[in-house]
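Hi,

Here is the structure I promised to pass on. Have a look at it first, and then read my notes below.

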Amino acid sequence: MAWYPGAKRMELQPESNGQPAIRPTQFIMHSIAAPWTARRMYEYWRDSSNLESHFGLGYEGDLAQYIGTETRADANYQANRRPDGTGAVSIETASNLKHTDPWTDEQVEQLIRLGVWLHQRHGLPLRICRSHDDPGYGYHRLHSAWSSGGTACPGDARVNQFRKVVFPGIVKRAKGQPSPAPVEDPMPQVLFESQTGGPTLAAGERVELPAARDTAILRGPCVYNVSIGLKLTRTSADKRVRLRFVHVDAETRRRSAGLEVDVPTRDGETYAQVSRRGELPAGQYLKVEALAEEPVVVAHRIVEGLYWPA
Ligand SMILES: [Zn+2]
């Protein structure tokens, strides 16, 4: 049982005593889609939900811990506790109802301090998780195994802060250096594009989805771990959209496709996500293709992930 001295202890029972132990290897940040204080989050989990996180953080920087960091918490789906006994430490942070607002300065400061403590106390490596079970730091939507059915959490503004302020802040302070320091592993490049709008997908036609400039998400040689999230509108229940990544050779146009992911659609609006890790040889592009059973509209696209240029 480990309790962070910088947080107010508000122990949740029966979860704290009843849930199995973990060896914490990851730190995952969330937005709770409510402008709550840390105390209000405690009351919520105590009274009405059991998808708790270890920590809760209000707008003012009020930070509480509900469960010891060596006990499983339930906010991260497959990362809560893996078969080998490792798991993620999680934090919920106050946000507006649609989690579109950035973290306040007070929240950023607390996230950095807690991130440093987790490095010191539990030995979390100073890197962004390269896969769903890779030790390090991340945010909820970074890996699809961390949620059931996909999520936009913690929101674009906070993903941006994570990349630019929070994670670099943790690295810098943990190493006690005033200037940006290299992390332990080769530093990945972060891929992040969030765009409103997109093509209308005609029924039964495979379409290459555009990224920022064209349809190429990455160009080899590199190793990558990328996911694409799509918000689709005008969908109906019980239809399907299929997504897959493809490697396309720039010269020969030869394509090799990854496993196709079948996403069942809902009435009105559907959020679809597909992830892939791989190695892209020199001269090849990474693209993503969609195939819809009925005409649907792509209303928003997010491409994100990490890549290591060779
Ligand atoms: Zn979340």
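**What I found**

Let's start at a turn: strands 12 and 13 make a hairpin with five residues between them, and Arg253 in that turn has a positive phi of about 65°. Strands here are DSSP runs of E with at least two residues, helices are runs of H or I with at least four, and both are numbered from the N terminus. Before you go further, note that this is a predicted model, where local features need pLDDT of at least 70, side-chain atom pairs count only at pLDDT 80 or more, and totals for chains, interfaces and linings use all residues. Residue numbers run from 1 along each chain as its sequence is written.

Back to strand 12 (residues 240-249). Two strands count as paired if DSSP finds at least two bridges between them. Three bridges tie strand 12 to strand 13 (residues 255-257), antiparallel, with Val246 opposite Ala257. Strand 12 also runs antiparallel to strand 16 (residues 284-292), through nine bridges; there, Val248 is partnered by Tyr285.

Together with Ile170, Val241 has the most contacts inside the largest nonpolar core, which has 72 residues. Such a core is a set of buried Ala, Val, Leu, Ile, Met, Phe, Trp, Tyr and Cys residues joined through C-beta atoms within 7 Å. This core takes at least three residues from each of domain 1 (8-174) and domain 2 (189-309), with bounds from an automatic or database domain assignment.

Now for helix 2 (residues 38-47). Ala38, Met41, Tyr42 and Trp45 are buried there; buried means 20 or more other C-beta atoms within 10 Å of a residue's own, exposed means 12 or fewer, and partly exposed is in between, with C-beta atoms placed from the backbone. Why do they share a side of helix 2? Because they cover an arc of only 100° around the axis, taken from the directions from the helix axis to the C-beta atoms. The face turned away from that side carries exposed Glu43 and Asp47. The buried residues of helix 2 pack against strands 1 (8-9), 3 (55-57), 4 (63-65) and 5 (86-93).

Overall, the protein chain has four helices and 17 strands, and 43% of its 310 residues are buried.

Cheers

Technical notes:
Contact = placed C-beta atoms within 7 Å.
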